[in-house]
Structure formats: C-alpha cells, structure tokens
Amino acid sequence: MGISQTVFKFLSSQKKAIGYSLMGLLTVGREHLFSLSTFKCPCSSKNYIYGLVYLFAPALVLLLVGFALNGRTWQLFTGCCVNPRKLFPKGKSCHFFYAFGQITLKAFIAPVMWLSVVLLNGTFYECAMSGSKNLKYLEMLCHNKSKKCLEELPKIACGQTSLSSWETEEIILTLQAESQVVGWCVIVTAAFLSLLITCYGHCQSNTSHLQKRFWKIYTKKEKEQFEKYFEAYATKLSERNLKSFFENKKLEPFPMPSVRAWEEASALDSFNINQQIFSTLHKLVEDSMKENDSNVAQDTMVNLGEGETV
C-alpha cells in the first residue's frame with residue numbers, strides 16, 4: 001500500500017476526531033473575530049448584560065445550528081404535527097428520548113467549546129462581572145481598595161478608570177482568574193459527563209462490542225448506498241418523464257416505494273439485538289419478506305384445500 005493510501009486510510013478512520021478538532025479551531029477563530037472586531041465593552045451600568053450576551057448568545061446560536069445541521073433532527077420531527085404518533089411509536093415510546101438525547105449531546109459540542117474558549121480568554125467575563133448587580137460580589141472585588149472603587153469598576157474593562165494602577169491590575173487579574181477557573185470547570189464537567197454517559201451507555205447495552213462495530217459499519221454503508229440509489233433512481237425517473245414529455249409517448253409504469261413504505265423507512269432506527277435488525281430499512285425489508293412468505297403459505301394451503309375438494 002502506498003504512502004498516500006496509508007495517510008488517506010488513517011484520516012478516514014480518524015475523521016470524527018479531525019472534525020471535532022476543526023470545530024474547535026473554528027470556535028477559537030470565531031472568538032478572536034468577535035474580540036477584535038465587534039466586542040466593545042460599554043464601560044457603564046450595561047456591562048453585565050452586554051458581557052453575558054456575548055458569552056451566551058453565540059453559544060445559543062451554535063446550539064441551534066447544531067440541531068439544524070443534524071439530519072436525525074429532521075428524521076425525528078418531520079411529519080410529527082400531522083401524526084404525533086411518529087414521535088412515540090407503539091412499544092418504543094422511550095426511544096424518542098434516547099434519539100433526542102443523542103442529537104442534543106452532539107449539538108452541545110460547539111457551544112461548550114465556545115464557552116470554554118471565551119472563559120479561558122476572560123475578556124467577556126471581565127466586562128460582564130465588572131458591571132455585576134451583586135453588591136456583595138462588588139464589595140469583594142473592592143476589598144482594601146479606595147472608596148471610589150465601586151463607582152469606577154465598570155470603567156476598568158476599558159482602562160478609563162481613575163483608580164491607581166495596582167488596584168486596577170489586581171481587579172483585572174482577579175476577574176481573569178475567576179473566568180479561567182469557570183472555563184476549566186466547564187471543560188472538566190463536559191469531559192466527565194461525556195465519559196459518564198458513554199460508560200453508562202456501554203454498561204447498559206445488550207449488544208457486544210463487535211456487534212456495535214458491525215452495526216456502525218452497516219449503517220454507514222447503508223447511508224452511502226441510499227445516496228447512490230437515490231441519485232440513480234432520480235436520474236432514471238427524470239429521464240423517463242422528459243422522454244415522455246418531448247416524444248409524447250406513453251411509457252411503462254415506474255416502480256416506486258409506496259407512501260407507507262417511505263414513512264416506515266423514514267422512522268427512527270430500530271436496532272434489535274434479539275432479531276438481528278440493524279436499521280429501520282432492514283426491519284422493513286425483513287417484515288416484507290415474512291409477509292410475502294406468509295401469503296405464499298396461505299395461497300398454498302388454499303390450493304391444497306381446493307384440490308382435496310375436487
């Protein structure tokens with residue numbers, strides 16, 4: 001195997017980690033972009049609201065984008081207003097919460113990265129907390145400082161305060177230290193919860209490790225084949241319709257799945273260890289085969305009964 005093929009194979013196997021790393025780099029880039037070009041602390045009584053908006057508004061946007069860009073979100077909610085039973089199918093009502101939980105965990109990756117980066121930087125936190133409405137907290141910051149400290153606190157983030165340089169520096173260092181401590185707490189908490197949820201999922205699983213690996217490979221290949229079949233059938237159908245339109249000919253019927261089949265194939269995943277079912281499509285095909293076998297058996301019994309009567 002050539003060097004290029006080896007590198008490509010390695011990158012393909014590590015694409016999830018690489019994707020998360022790129023997401024982190026983009027988050028850092030966005031943070032610096034906000035800091036350098038748009039963030040201007042007002043250095044007034046509005047510091048608190050302004051700083052918190054810059055802390056949490058981008059995180060909320062990233063969370064919503066994470067939901068919107070996840071295909072499973074639309075697989076889960078498409079048609080739920082018309083038929084709410086899709087969210088809670090019979091016998092699998094808890095599967096909705098499991099699927100939505102997986103979507104939510106993935107959507108939280110970018111917001112957590114954003115909060116971690118901006119808190120470790122400290123700029124937004126410094127602006128927000130210098131305008132805090134908590135009098136006890138402000139008094140703690142101004143402990144052993146001059147009497148005008150409380151009035152000058154909102155101006156510290158802009159360097160426009162009349163406090164002495166050592167007082168200003170001490171307050172700024174305190175705010176930055178607090179921001180970094182909170183940032184590391186967010187990172188440690190997110191890492192711990194991620195590990196805890198992953199461990200709990202594996203401990204409660206009825207499937208073996210090798211089955212899980214096979215399931216992941218199967219679902220990946222099924223999605224790839226889906227795209228190929230979609231493109232091929234869409235091409236054939238469009239060519240058929242255009243040919244009929246321009247040549248004004250009546251063509252043969254084009255085989256397509258029924259509306260019910262589309263609905264069933266679009267439902268939530270139905271991985272079942274006992275039945276060796278690895279996807280919703282797999283379940284649909286297996287059920288169809290069983291139904292066909294049952295119909296054939298019934299026809300055979302009817303024909304045998306008619307033969308005995310004769």
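Let's start with two cysteines: C142 and C149 are joined by a disulfide, with a sulfur-to-sulfur distance of 2.1 Å. Keep in mind as you explore that this is a predicted model. The torsion about the S-S bond of C142 and C149 is about -75 degrees, so this disulfide is left-handed. C142 is buried, at 11% relative accessible area, and C149 is buried too, at 0%.

## The other disulfides

How many disulfides are there in the count? There are three. One of them joins C41 to C127, with the sulfurs 2.0 Å apart. This link brings together distant parts of the chain: C41 sits in the loop between α2 (15-38) and α3 (47-69), while C127 belongs to helix α7 (residues 123-130), 86 residues apart. Both cysteines, C41 and C127, are buried, and their link is right-handed, with 85 degrees about the S-S bond.

C43 pairs with C158, and here the sulfur atoms are 1.4 Å apart. The link of C43 and C158 is right-handed, at 95 degrees about the S-S bond. Is each partner buried or partly exposed? C43 is buried at 10% relative accessibility, whereas C158 is partly exposed at 31%. With the bonded cysteines numbered in sequence order, the pairing reads 1-3, 2-6, 4-5.

C199 is partly exposed, with 37% relative accessibility.

## Salt bridges

The whole structure holds two salt bridges. In one, the side chains of K145 and E170 meet at 3.1 Å, N to O. K145 lies in the loop between α8 (135-141) and α9 (149-152), and E170 in helix α10 (residues 165-203), 25 residues apart. K145 is buried at 15% relative accessibility, while E170 is partly exposed at 36%.

E224 and K221 also form a salt bridge, their closest N and O atoms 3.8 Å apart. Both residues lie in helix α11 (residues 209-247), three residues apart, or about one turn of the helix.

## Transmembrane regions

An unreviewed UniProt entry places "transmembrane region" at residues 48-69, 96-120 and 181-203. In the model, residues 96-120 are 96% helix, with end C-alpha atoms 36 Å apart. Residues 181-203 are 100% helix, and their end C-alpha atoms lie 32 Å apart.

Terms used:
Residues numbered from 1 in each chain as written. Predicted model: local features only at pLDDT ≥ 70, side-chain atom pairs only at ≥ 80, totals over all residues. Heavy atoms only, no water. Salt bridge = Lys/Arg side-chain N within 4 Å of Asp/Glu carboxyl O. Helix = DSSP H or I, 4+ residues; strand = E, 2+ residues; numbered from the N terminus. Buried < 20%, exposed > 50% of the residue type's maximum accessible area, 1.4 Å probe, protein only. UniProt positions renumbered as here; feature names shortened; annotations may be inferred. Disulfide = S-S within 2.5 Å.
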